[in-house]
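Hello,

Please find the structure below, with the sequence alongside. My notes on what was found in it follow.

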Amino acid sequence: MGDMTNSDFYSKNQRNEANHAGEFGCTLQELRSLMELRGTEAVVKIKETYGETEGLCRRLKTSPTEGLAGTAADLEKRKLIFGKNFIPPKKPKTFLQLVWEALQDVTLIILEIAAIISLGLSFYQPPGEGNEGCGTATGGAEDEGEAEAGWIEGAAILLSVICVVLVTAFNDWSKEKQFRGLQSRIEQEQKFTVVRGGQVIQIPVAEIVVGDIAQVKYGDLLPADGIFIQGNDLKIDESSLTGESDQVRKSVDKDPMLLSGTHVMEGSGRMLVTAVGVNSQTGIIFTLLGAGGEEEEKKDKKAKQQDGAAAMEMQPLKSAEGGEGDDKDKKKSNMHKKEKSVLQGKLTKLAVQIGKAGLVMSAITVIILVLYFAIDTFVVNKKQWVPECTPVYVQYFVKFFIIGVTVLVVAVPEGLPLAVTISLAYSVKKMMKDNNLVRHLDACETMGNATAICSDKTGTLTTNRMTVVQAYVGDVHYKEIPDPDSLPAKTLDLLVNAIAINSAYTTKILPPEKEGGLPRQVGNKTECGLLGFVLDLKQDYEPVRNLIPEEKLYKVYTFNSVRKSMSTVIKMPDGSFRMYSKGASEIVLKKCSRILNAAGEPRVFRPRDRDEMVKKVIEPMACDGLRTICVAFRDFNSSPEPDWDNENDILSDLTCICVVGIEDPVRPEVPEAIRKCQRAGITVRMVTGDNINTARAIAIKCGIIHPGEDFLCLEGKEFNRRIRNEKGEIEQERIDKIWPKLRVLARSSPTDKHTLVKGIIDSTQVEQRQVVAVTGDGTNDGPALKKADVGFAMGIAGTDVAKEASDIILTDDNFSSIVKAVMWGRNVYDSISKFLQFQLTVNIVAVIVAFTGACITQDSPLKAVQMLWVNLIMDTFASLALATEPPTEALLLRKPYGRNKPLISRTMMKNILGHAVYQLTLIFTLLFVGEKMFKIDSGRNAPLHSPPSEHYTIIFNTFVMMQLFNEINARKIHGERNVFDGIFRNPIFCTIVLGTFAIQIVIVQFGGKPFSCSPLQLDQWMWCVFIGLGELVWGQVIATIPTSRLKFLKEAGRLTEKEEVPEEELNEDVEEIDHAERELRRGQILWFRGLNRIQTQIEVVNTFKSGTSFQGALRRQSSVTSQTQDVTNISSPSHVSLSNALSSPTSTSAAAAGQG
């Protein structure tokens, strides 16, 4: 579809262009070809064709400062000529396609074939009715009407297959629909800042048109192509388009081309939008990938392997209507995530094991039936195989085959994937209400296993409303905001200028929306705090900004995680330069050589003065949990003009104006949320860029650390010193010594955060592998969010880059929403376990009944159609009922399961086997002595097409009743006594149980031949229900048996333990080490092995020569082997960090910085 529509799209546009060529001074084609140029070529082209960017703005009828007028007619016209900013999505799969996919199931195909054969044979009447002599059991019970009804069984099987298929398809369809809804929700949330009619406004990305003036800032994901027209220090990460991980510096005169899908890593500025949607660079790539079509799919896969990052980065640029379909997105998200989530891994394994067992059972059943029939007919009764009897025999064999297949169908728990999907989809929907926007389905279940959370401080644990509460100005430490009159006029003037000019002009403080509310802070929150300080000093920053508009700023050094400061240079009226600086106090104070005294005059500021100031001012502020910011300035002569690129010289010899303490209060609900996490066995760690004292103070307020406990608070530098060996390589053993006690990591760089997360995930020190969740909001958190098992991005404060790398977006930026996510995650896990407990009981019982029944009575007591009904209700409906249990606070009272905890605990195993014993006992009792108890005809050994017997109907009915009541038992998996607890909070469950009961009545009373049922009397019904109710009583009996006594169950419970860890590690290796790397490593290992062998051989030869003990050589060899293992281990971390840096564009520079 992609190619078709896009070519139409272009031809339509061409026609439009012809009509409107006069309207705008350039056509779509011109702009498209312009955007394909890079660097100086582009600059030359713009100069030649349009005469600077202003010329281009004029042609596009827009103003570089005012932007578009923003009238509806104008915007429509632009959309018509230059296209809309959205990329048409891939068509969703139609319902029929989904039906076709559901039909691909192997067991269903086998059943369909068997049913068709059975149908065919029932219509085939063998010639010369002389077939009395053929079969043994074909006795005279068969009258004409019955022979006619032979086709019913085949038809009924086909019908039930159709039912199963429709239900599966419908589920897939609703899942897809939900996913699309989710995707479009994510997309509507993505807004971008543009200038229209001189006003700075935020509009949805899809509304951007060609000619818009967009404001780009640190952390943005560019939504369209454009030309850079003004700004400072803009650095872009273009790896998603070019694959080059170096950041590209953009400037108006060297490289002004900004491309969609790339990330702003530093700086800010304005761009003129020149191409949107399908015509932007990302759009062109998507068109090439084709939003559909098979060949493209193949190409897509290739492209994806080369450039997983690109595909990933561009996800939110897809249409406003929704994603590119579930699977593709899954593939994409999995590029970075673990291949399968923990739960899916365990389930797949379990399903395969059960399937294999079922296959074996069904094969044995068929073989036994066929052999028994053959021996009975041809050996015992000495019958001859006569040609005219062949159809009859074949019909018997088909019947046996159908029974075998039925056993298989019941054995395979196809409800499992369904239960997972339903439970996840349900949780995701409900998590929306709890402010969790889940981007990757499996994240919500992984969250239930989380053992550690590494959280940011600012904005997550705190409110992110910064206010200055203390200040050190003119040699005085004010514990509250000073009175403006008490400050020297000079200092005050400098202070107001330094704060107003040296902050992003997009940062403002607006009047409150409601009377008596707090003023609104827009933009960078720290800067808002400083601007608020200016207002508190009864000054105003607006006049200063109007006097020196953004265009007049001479040079700006924007804030980044390496500088930890921001500086702005302005040209003074006399031609000299003045630079204002602000930043983390310990960093800026190191660069100060003077400080303003009480009279507002600079005095010398020596290192020992600085140490005293740190002790007397900065540390006390930090211990109150305040962030300290130092504001400084420096004057330069006009000639010679300083070398602005030599940052170290420029940022030195400053004069300190003041140091302020900014308070960011802890969110009121955080301490409680953290307490819940700790009670649930989850360790919360705080990773922040703040000063260590500030961090420690906040951590104590939050309850992350409690005074008197044994814990570590480290700074980034110290952390790095402890985890690196002499060569500066990170060693896992060293991280293992630190992380279990580490609670606060302060002054940390993004690389440190990534290292810590990776170190905890890879650690095998504790017996339970760690599952780590990370929260982040900045661009620099990208690598850590991607590495974590679950990445949480902040919906309000988070940058696009962080949201891209995350799995769950917290729409209210609140830590307590994470606790909700943990609750939902655990609930998903428990729902699956409940379903498993129920499902496996049904499977064991049904398989054993069908198997033994077939072997003893040549006919399964449960018929194919009945089995399919049991399968349908027990699989599909039960998965719905048990997967939609709402979570309770009680889920937070237990420890997390971790990676290698088996799915089926011993308690569950006890329940499964216990209930299976009860059900089997009763069913076999009914099977062999039921006819005596109920005084009815026996249904055993009935001929081929005999009418359904009451006897077998009672067995079927009892079986279903026991399952129904066991479904209530299955609601609890940790051995709780009250199985009805909270049952009315789940209306779906009640509806399904009652609904199933009603349908069962209909089937038994009116199902007749197709369901092999004959109507039952009331007393017989009462008995069936009574036996079913016995399940609940029996459940209590089972609950009394202490699990600890049943040691033999342990093995059964460890189904998924075996290969769990190696598999995980393998995946991680594959993920982090590219081919060359792997070859290299293999080479190393082979090389060591070779060396080893040679050494051992030489040793052996020497030993024999000298005749000393042979033991020595062996001992030495073992020590050599252990060394090689060490070597391979040592070599891995350094490679891993390198390839990580290569794989995640954002971390490279950071890694370099970290290593530097």
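Aromatic residues

Tyr554, Phe577, Phe636 and Trp644 make up one aromatic cluster. Rings of Phe, Tyr and Trp (for Trp, its six-membered ring) pair if their centres lie within 6.5 Å; planes under 30 degrees apart are called stacked, over 60 edge-to-face, and the rest tilted. This is a predicted model, in which local features need pLDDT of at least 70 and side-chain atom pairs count only at pLDDT 80 or more, while totals for chains, interfaces and linings use all residues. Residues are numbered from 1 along each chain as its sequence is written, and side-chain values use heavy atoms, with hydrogens and water left out.

In total, the structure holds 11 aromatic pairs. One of them is Phe397 with Phe400: the ring centres are 6.4 Å apart and the planes stand at 55 degrees, so this pair is tilted. Phe397 and Phe400 both belong to helix α16 (residues 390-411), where being three residues apart separates them by about one helical turn. Helices (H or I, at least four residues) and strands (E, at least two) are DSSP runs, numbered from the N terminus. Phe397 is partly exposed at 27% relative accessibility, whereas Phe400 is buried at 2%. Buried means under 20% relative accessible area, exposed over 50%, and partly exposed in between (1.4 Å probe, protein chains only).

Phe636 and Trp644 form an edge-to-face pair, with 5.3 Å from centre to centre and 80 degrees between the planes. Phe636 is buried, with a relative accessible area of 8%, and Trp644 is buried with 9%.

Lys555 lies over the face of Tyr557, 5.1 Å from the ring centre, and the charged end of Arg971 sits over the ring of Phe989, 5.5 Å from its centre. The criterion is NZ of Lys or CZ of Arg within 6 Å of the ring centre and within 35 degrees of the ring normal.

The sheet

An open sheet with mixed pairing is formed by eight strands, in the order β8-β26-β25-β24-β9-β21-β23-β22. The edges are β8 (436-438) and β22 (712-715); each has a single partner strand, so one side of each is left without a neighbour in the sheet. From one strand to the next, the twist averages 20 degrees. Strands β21 (residues 683-687) and β23 (residues 742-746) run parallel and are joined by two bridges; two strands pair if DSSP finds at least two bridges between them. Met686 has Val744 in β23 as its bridge partner.

Helix α29 (residues 750-762) packs on this sheet and touches β9 (452-455), β21, β23 and β24 (772-776), with its direction at about 165 degrees to that of β24. Axes are lines fitted to C-alpha atoms, for helices over the stretch in contact, and angles run from 0 to 180 degrees between N-to-C directions. Contact means heavy atoms within 4.5 Å.

Helix α25 (residues 670-679) has Val670, Ala673, Ile674 and Cys677 as its buried residues. They cover an arc of only 95 degrees around the axis, which puts them on the same side of α25; the arc is that of the directions from the helix axis to the C-beta atoms. These buried residues pack against β9, β21, α26 and α32 (815-857). After α25 comes Gly681, with a positive phi near 80 degrees.

Thr694 lies in helix α26 (residues 692-702) and is buried, at a relative accessible area of 0%. Apart from neighbours within four places in sequence, Thr694 is in contact with Ala622, Gly625, Leu626 and Arg627.

Regards
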